[in-house]
Amino acid sequence: SRLCAVAEWEAKYPKIEAKVAELGAKNVSEVLAKCPELKVTEFSKQYVRDVLLEAGFKPGKAVPKLTEEQVVECTRRYVQVYESLTHQKFDFPTYSFPASQRLVNNLKAAGVIKGFCCMIFAGSDSDLGH
(Lines give C-alpha, C1' and ligand atoms only; values in the text may rest on other atoms or scores of the structure.)
Protein backbone atom coordinates (compact mmCIF):
# COMPACT_ATOMS: atom_id res chain seq x y z
CA SER A 1 0.00 0.00 0.00
CA ARG A 2 3.04 2.27 -0.20
CA LEU A 3 4.39 4.00 -3.29
CA CYS A 4 8.14 3.99 -3.80
CA ALA A 5 10.65 3.97 -6.66
CA VAL A 6 11.15 0.47 -8.06
CA ALA A 7 14.90 0.94 -8.50
CA GLU A 8 15.35 1.95 -4.86
CA TRP A 9 13.17 -0.94 -3.67
CA GLU A 10 15.12 -3.45 -5.77
CA ALA A 11 18.42 -2.08 -4.46
CA LYS A 12 17.47 -1.97 -0.77
CA TYR A 13 15.12 -4.89 -0.23
CA PRO A 14 17.80 -7.62 -0.52
CA LYS A 15 19.87 -5.68 2.04
CA ILE A 16 16.86 -5.40 4.36
CA GLU A 17 16.14 -9.10 3.97
CA ALA A 18 19.77 -9.96 4.78
CA LYS A 19 19.70 -7.71 7.87
CA VAL A 20 16.49 -9.36 9.12
CA ALA A 21 18.30 -12.71 9.00
CA GLU A 22 21.59 -11.34 10.38
CA LEU A 23 19.96 -9.61 13.34
CA GLY A 24 17.30 -12.26 13.92
CA ALA A 25 14.77 -9.44 13.72
CA LYS A 26 11.07 -10.13 14.21
CA ASN A 27 10.09 -7.66 11.49
CA VAL A 28 11.37 -5.07 9.03
CA SER A 29 10.53 -2.17 11.37
CA GLU A 30 13.01 -3.55 13.89
CA VAL A 31 15.73 -3.57 11.21
CA LEU A 32 14.91 -0.05 10.00
CA ALA A 33 15.09 1.27 13.57
CA LYS A 34 18.68 -0.02 13.75
CA CYS A 35 19.60 0.73 10.12
CA PRO A 36 17.67 3.85 9.02
CA GLU A 37 19.81 4.16 5.89
CA LEU A 38 17.93 1.13 4.52
CA LYS A 39 14.54 2.86 4.73
CA VAL A 40 12.97 3.19 1.30
CA THR A 41 11.80 6.69 0.35
CA GLU A 42 8.01 6.59 0.41
CA PHE A 43 5.75 8.86 -1.57
CA SER A 44 2.88 9.00 0.89
CA LYS A 45 1.82 10.58 4.16
CA GLN A 46 4.20 8.15 5.88
CA TYR A 47 6.99 10.73 5.60
CA VAL A 48 5.02 13.26 7.67
CA ARG A 49 3.94 10.55 10.12
CA ASP A 50 7.58 9.51 10.63
CA VAL A 51 8.73 13.11 11.11
CA LEU A 52 6.04 13.72 13.72
CA LEU A 53 6.84 10.51 15.59
CA GLU A 54 10.57 11.36 15.57
CA ALA A 55 9.63 14.75 17.08
CA GLY A 56 7.93 12.94 19.95
CA PHE A 57 4.31 13.31 18.83
CA LYS A 58 1.79 11.25 20.77
CA PRO A 59 -1.90 11.01 19.79
CA GLY A 60 -4.00 13.38 21.88
CA LYS A 61 -1.10 15.79 22.34
CA ALA A 62 -0.25 18.98 20.46
CA VAL A 63 1.06 18.28 16.95
CA PRO A 64 4.63 19.54 16.47
CA LYS A 65 5.08 22.13 13.72
CA LEU A 66 7.02 20.93 10.69
CA THR A 67 10.19 22.83 9.82
CA GLU A 68 10.48 24.60 6.48
CA GLU A 69 12.94 21.88 5.37
CA GLN A 70 10.42 19.15 6.24
CA VAL A 71 7.64 20.92 4.33
CA VAL A 72 9.95 21.30 1.31
CA GLU A 73 10.86 17.58 1.45
CA CYS A 74 7.20 16.58 1.66
CA THR A 75 6.40 18.87 -1.27
CA ARG A 76 9.32 17.45 -3.28
CA ARG A 77 8.00 13.93 -2.80
CA TYR A 78 4.47 14.81 -3.94
CA VAL A 79 5.82 16.71 -6.97
CA GLN A 80 7.90 13.65 -7.86
CA VAL A 81 4.76 11.46 -7.66
CA TYR A 82 2.86 13.88 -9.90
CA GLU A 83 5.66 13.92 -12.47
CA SER A 84 6.05 10.13 -12.38
CA LEU A 85 2.34 9.51 -12.88
CA THR A 86 1.64 12.19 -15.49
CA HIS A 87 5.03 12.31 -17.26
CA GLN A 88 4.68 16.09 -17.10
CA LYS A 89 6.79 18.67 -15.31
CA PHE A 90 5.01 20.18 -12.33
CA ASP A 91 4.77 23.94 -12.67
CA PHE A 92 4.41 25.73 -9.38
CA PRO A 93 1.64 28.35 -9.44
CA THR A 94 2.76 31.94 -9.77
CA TYR A 95 -0.17 33.30 -7.74
CA SER A 96 -0.55 33.29 -3.98
CA PHE A 97 -4.26 32.94 -3.22
CA PRO A 98 -5.18 31.00 -0.08
CA ALA A 99 -6.26 27.42 -0.79
CA SER A 100 -9.84 28.15 0.32
CA GLN A 101 -10.14 30.97 -2.24
CA ARG A 102 -8.62 28.82 -5.02
CA LEU A 103 -11.14 26.08 -4.23
CA VAL A 104 -14.10 28.47 -4.45
CA ASN A 105 -12.72 30.08 -7.66
CA ASN A 106 -12.23 26.67 -9.31
CA LEU A 107 -15.73 25.49 -8.31
CA LYS A 108 -17.23 28.71 -9.70
CA ALA A 109 -15.23 28.42 -12.95
CA ALA A 110 -16.45 24.82 -13.37
CA GLY A 111 -20.05 25.95 -12.87
CA VAL A 112 -20.44 23.79 -9.78
CA ILE A 113 -21.33 26.73 -7.57
CA LYS A 114 -22.75 30.14 -8.34
CA GLY A 115 -22.89 31.45 -4.79
CA PHE A 116 -23.39 29.67 -1.54
CA CYS A 117 -24.34 29.78 2.07
CA CYS A 118 -23.23 27.09 4.48
CA MET A 119 -24.72 26.40 7.89
CA ILE A 120 -23.21 23.87 10.25
CA PHE A 121 -25.27 22.32 13.00
CA ALA A 122 -23.29 20.58 15.76
CA GLY A 123 -24.67 17.23 16.79
CA SER A 124 -22.52 16.36 19.77
CA ASP A 125 -20.17 17.88 22.32
CA SER A 126 -17.20 16.81 20.17
CA ASP A 127 -18.49 19.17 17.45
CA LEU A 128 -18.54 22.25 19.73
CA GLY A 129 -15.06 23.35 18.71
CA HIS A 130 -16.09 23.53 15.07
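Contact here means heavy atoms within 4.5 Å. This is a predicted model, where local features need pLDDT of at least 70, side-chain atom pairs count only at pLDDT 80 or more, and totals for chains, interfaces and linings use all residues. Residues are numbered from 1 along each chain as its sequence is written, and side-chain values use heavy atoms, with hydrogens and water left out.

**View 1. L38 and the largest nonpolar core.** Skip the neighbours within four places in sequence, and L38 still touches K12, K15, I16, K19, V31 and L32. L38 also belongs to the largest nonpolar core, a five-residue set with I16, A25, V31 and C35. (A nonpolar core is a set of buried Ala, Val, Leu, Ile, Met, Phe, Trp, Tyr and Cys residues joined through side-chain atoms within 4.5 Å; buried means under 20% relative accessible area, exposed over 50%, and partly exposed in between, with a 1.4 Å probe and protein chains only.) C35 counts as buried because its relative accessibility is 8%. In soluble globular proteins, nonpolar side chains tend to be buried together.

**View 2. The whole chain, for orientation.** Five helices and zero strands make up the count here, so-called DSSP runs numbered from the N terminus (helices are H or I, at least four residues; strands are E, at least two). Read from the N terminus, the elements go α-α-α-α-α. Of the 130 residues, 18% count as buried. The accessible surface is about 10,600 Å², with 59% of that belonging to carbon and sulfur atoms; areas come from the Shrake-Rupley method with a 1.4 Å probe, and for residues only the protein chains shown count as cover.

**View 3. Helix 1 and the E22–K19 pair.** E22 and K19 form a salt bridge, with the closest N and O atoms 3.3 Å apart (a side-chain nitrogen of Lys or Arg within 4 Å of a carboxyl oxygen of Asp or Glu). Both residues sit in helix 1, three residues apart, or about one turn of the helix. An α-helix has 3.6 residues a turn, so residues three or four places apart point the same way. E22 is exposed because its relative accessible area is 57%, whereas K19, at 24%, is partly exposed. A21 is in helix 1 too, and is exposed at 62%.

View 4. What is the N-to-O distance between E42 and K39 in their salt bridge? It is 3.5 Å. K39 also bridges to D50, where the closest N and O atoms are 3.1 Å apart. Shared partners join K39, E42 and D50 into one network. D50 is buried at 16% relative accessible area, E42 is buried at 12%, and K39 is partly exposed at 32%.

**View 5. Helix 3 against helix 4.** Helix 3 covers residues 46–54, and Q46, Y47, D50, V51 and L52 are buried in it. Those buried residues pack against helix 4 (68–86). Just after helix 3, G56 takes a positive phi of about 90°.

**View 6. A nonpolar surface patch.** L103, L107 and V112 form this patch, with about 260 Å² of accessible area together. (Patches are made of residues with over 30% relative accessible area and no salt bridge; like charges are joined within 9 Å, and nonpolar side chains, namely Val, Leu, Ile, Met, Phe, Trp and Tyr, within 5 Å.) V112 lies in the segment after helix 5 (99–109), and counts as exposed because its relative accessibility is 56%.
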